[in-house]
Amino acid sequence: ESTYGGRFHPPIEEAKTKLQDAINRTVERKGKILITSFTLERTQEVIYFLNELLKEKLIPSIPIYVDSPLATDITEVFKQRIDYLDEKTRQDIIKGNSPFEFLNLKFIREQKDSKGLNIDKRPMIIIAGSGMCESGRILHHLKNNIEDHRNTILVVGYMAQNTLGKRIVDRVPFVRIFGVEYELNAEVVIINAFSGH
């Protein structure tokens, strides 16, 4: 594995602080936070840290949506196979404090519910695939939210060359989604410490 070559990622605590700052800034602007995420492990890691931030009252209580049937199924596996999790997380789940089940968190399976998120104007967090923004439900959320300066696109993984995700990371002024050009006005925040590479 040599995706990042000789670079080291910042400590995960720094990622938690950057996540907190990005959310608080966006909520102050009354915007949405779009998190482009891989469905296996990355989504669950982000959920874990969002739960921590909420418990510590470091971010406001806003709706959090995981808009991915596959990520929903994988998260169910995480809940069922707690023997693979660390001791603290296992104990939290046993005591009924699962990091994958909390008041603000909703899992979206149906397409109509996914589309409804783009009509809803409240501040919220939407975690959707695909990680590099080349397919999946994240494309619809980007199309509907990328031109609004109040919103934030939060990148938590590696973006390969020649992908929409990489163009967003590079803050290209105009990006093409479903063959239509959109102006990239949303804030872009990159948190490399979440990357599995």
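This report walks through a predicted model of one protein, from its overall build to a few single residues.

## Overall build

The protein has 7 helices and 8 strands. Its C-alpha atoms fill a box of roughly 50 × 45 × 30 Å along the principal axes. The radius of gyration is 16 Å, which agrees with the value near 16 Å for a compact globule of 197 residues.

Of the 197 residues, 49% count as buried. Among contacts between residues at least 6 apart in sequence, 78% join residues at least 24 apart.

## Surface and charge

The accessible surface comes to about 10,100 Å². Carbon and sulfur atoms account for 52% of that surface. The protein carries 28 positive and 27 negative side chains. The centres of these two sets lie 4 Å apart.

In soluble globular proteins, nonpolar side chains tend to be buried together. In this model, the largest nonpolar core has 33 residues. Leu19, Leu50, Ile125, Ile127 and Leu154 have the most contacts inside it. Two or more core residues come from each of these elements: helix H1 (12-28), strand E1 (33-36), helix H2 (42-55), strand E2 (64-67) and strand E4 (125-128). H2 gives the largest share, 7 residues.

Beyond its neighbours within four places in sequence, Leu50 is in contact with Leu19, Ile23, Ile59, Ile64, Ile125 and Ile127. A second core stands separate and has 24 residues. Its members include Ile108, Ile146, Ile153 and Val155.

Ile35 lies in strand E1. Ile35 counts as buried because its relative accessibility is 0%. Leaving out residues up to four places away in sequence, Ile35 touches Val46, Ile125, Ile126, Ile127, Ala128, Ile138, Leu154 and Val156. One of these partners is Ala128. Ile35 and Ala128 are 93 residues apart in sequence, but their C-alpha atoms are 6.4 Å apart in space.

Thr26 sits in helix H1. Thr26 has a relative accessible area of 0%, so this residue is buried too. With residues up to four places away in sequence set aside, Thr26 touches Gly31, Lys32, Ile33, Arg150, Asn151 and Thr152.

## Backbone details in the loops

Cys133 lies in the loop between E4 and H6.

The peptide bond from Gly129 to Ser130 is cis. Its omega is near 10°.

Methods: Residues numbered from 1 in each chain as written. Predicted model: local features only at pLDDT ≥ 70, side-chain atom pairs only at ≥ 80, totals over all residues. Heavy atoms only, no water. Core = buried A, V, L, I, M, F, W, Y, C linked by side-chain atoms within 4.5 Å. Buried < 20%, exposed > 50% of the residue type's maximum accessible area, 1.4 Å probe, protein only. Helix = DSSP H or I, 4+ residues; strand = E, 2+ residues; numbered from the N terminus. Contact = heavy atoms within 4.5 Å. Rg over C-alpha atoms; globule rule 2.2 N^0.38 Å. Areas by Shrake-Rupley, 256 points an atom, 1.4 Å probe, with all protein chains shown as cover. Lys, Arg positive; Asp, Glu negative; His and termini not counted. Charge placed at Lys NZ, Arg CZ, Asp CG, Glu CD.
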